[in-house]
Amino acid sequence: MDTKQITCSYKETIRGAMQCIESNSKKVIFCIDEEGVLVGILTDGDIRRLLLNGYGMNESIENHINRNCIYAFQNESPEEILKKFNSTVTIIPILDYRHHVVDYAEYDEGMHISLAQPQLNGNEYQYLMDAFLSTWISSSGKYVTKFEESFASYCGMKYGVATSNGTAALHLALLALDIGEGDEVIVPNLTFAATINAVLYTGATPVIVDIEEESWCISPEEIEYALTDKTKAIIPVHIYGQPCDMEKICDIAQKHNLYIIEDCAEAHGACFDGKKVGSFGDISCFSFFGNKVITTGEGGMCLTNNSELNEKMRKYRDHGMSKEKRYYHEVVGYNYRMTNLQAAIGTAQIERIDSILSWRKEVEDNYRTSLSWVEGIQLQKNDMEKREKITWLVSILIQPEKREKVMECLKKHDIDVRAFFYPLDTMDIYSKYARKECSVSHKIAKMGINLPTTYNIDEAVIDKIRECLCMIE
Ligand SMILES: Cc1ncc(COP(=O)(O)O)c(C=O)c1O
């Protein structure tokens, strides 16, 4: 729309302003002075109130303009502008440096709200272009090493091995630990299928165990119950940003001489007892899929402090090729390498992980404030002893009979939500790997909803979500 249609003189009459609003159908007019400088805003609501207060149609709007209106400048980022919207401010003038109206931004009420969305407004584009222009677009190039080093150092670990995705990272970790046929690996019932699939790739037998009711993470008691003389490793999954009880799990592993492979795909930056997740296991695995805390599009990484495991993972990642003798293959390996292009994005993302985690927490805090009084829902625990969760996807529990209706209501408002993962043992292909009833995970999985967790979740969106949660009897 031409900006002329959305601006009028600050000296216009009520009639003139009404005509402008009528013709632009935006329910608002931006009032400008003779030089074109923004003076303020007048809405159709303001005009209605003036008429109700007895003002005539020929009254000048000059003294009735809202001069403390919200505006944005041309050079502000979309994220900064989005933050200015709220339930009453849905249209914002965009100004140039002279304060002339050059455009406007409108919050579309029907705007689609995604469950997750990467935030790529740091150095991502610059580094990606740098990698692109260097022509090192495959897995050689400076960004792969840079990303490996910076991510490992962020987690307090010595070595990082970047991979094509998080599932490949889990597989690589199991291969490096020589886990295979005849071995058993303990996994939680509530996780994404990649955790158990990686075990199955190796020919080992996964053993599914139940979760803790409070944390939704693997239960140390159930791990102990599932141990046999074939057990070789445990894969604790820090689910939905919540750390597992790593003290108890490490004790069990030490006592029974077991490996720990941490699955940190959903918990970058979370801590247990002041230590980052990913620093407890023999190897820890991360995913950088587009919906994760930080992303490389697709991507993953294994971390370890063990130089031998580091070398072994590098070999398996690169077709099993000898480091010293190129094209001589020592083991049957895989192509699990990350590209320099992906790593360029990752390098920019890790630079900003603290600020990404802090806006995520802010989003969760806003949900907590708004939803705390909604009856019948339970937010994910954030006050468990020794556990410092991070916000991946804000998660709540609600009675199963209400859950489908709430999800339907949110869908109608074009708000993406997700039910919790199906417990592994409820799927035909995995059910045989649970040796015992997993009643806690069944209960939690039926109640869980992941809510949209993106930087544009403002009060208006949370209000809509709350309405859906309250409306359902
Ligand atoms: C718990 C868990 N483990 C593993 C993965 C696998 O990661 P990716 O999708 O990068 O292969 C995911 C991610 O989707 C996950 O959520």
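**View 1. The side chain of Gln119 makes a polar contact with the side chain of Trp359, at 2.4 Å.** A polar contact here is a pair of N or O atoms within 3.5 Å; within protein, one must be able to donate a hydrogen and the other to accept it, and residues adjacent in sequence count only if both atoms are side-chain atoms. This is a predicted model, where local features need pLDDT of at least 70 and side-chain atom pairs count only at pLDDT 80 or more, while totals for chains, interfaces and linings use all residues. Residues are numbered from 1 along each chain as its sequence is written, and side-chain values use heavy atoms, with hydrogens and water left out.

View 2. Helices (H or I, at least four residues) and strands (E, at least two) are DSSP runs, numbered from the N terminus. Gln119 has a relative accessible area of 10%, so it counts as buried (under 20%; exposed is over 50%, partly exposed in between, with a 1.4 Å probe and protein chains only).

View 3. Strand β12 (residues 271-272) joins β13 over 2 bridges in the antiparallel sense; two strands pair if DSSP finds at least two bridges between them. Look for Cys271, which stands opposite Lys276 in β13.
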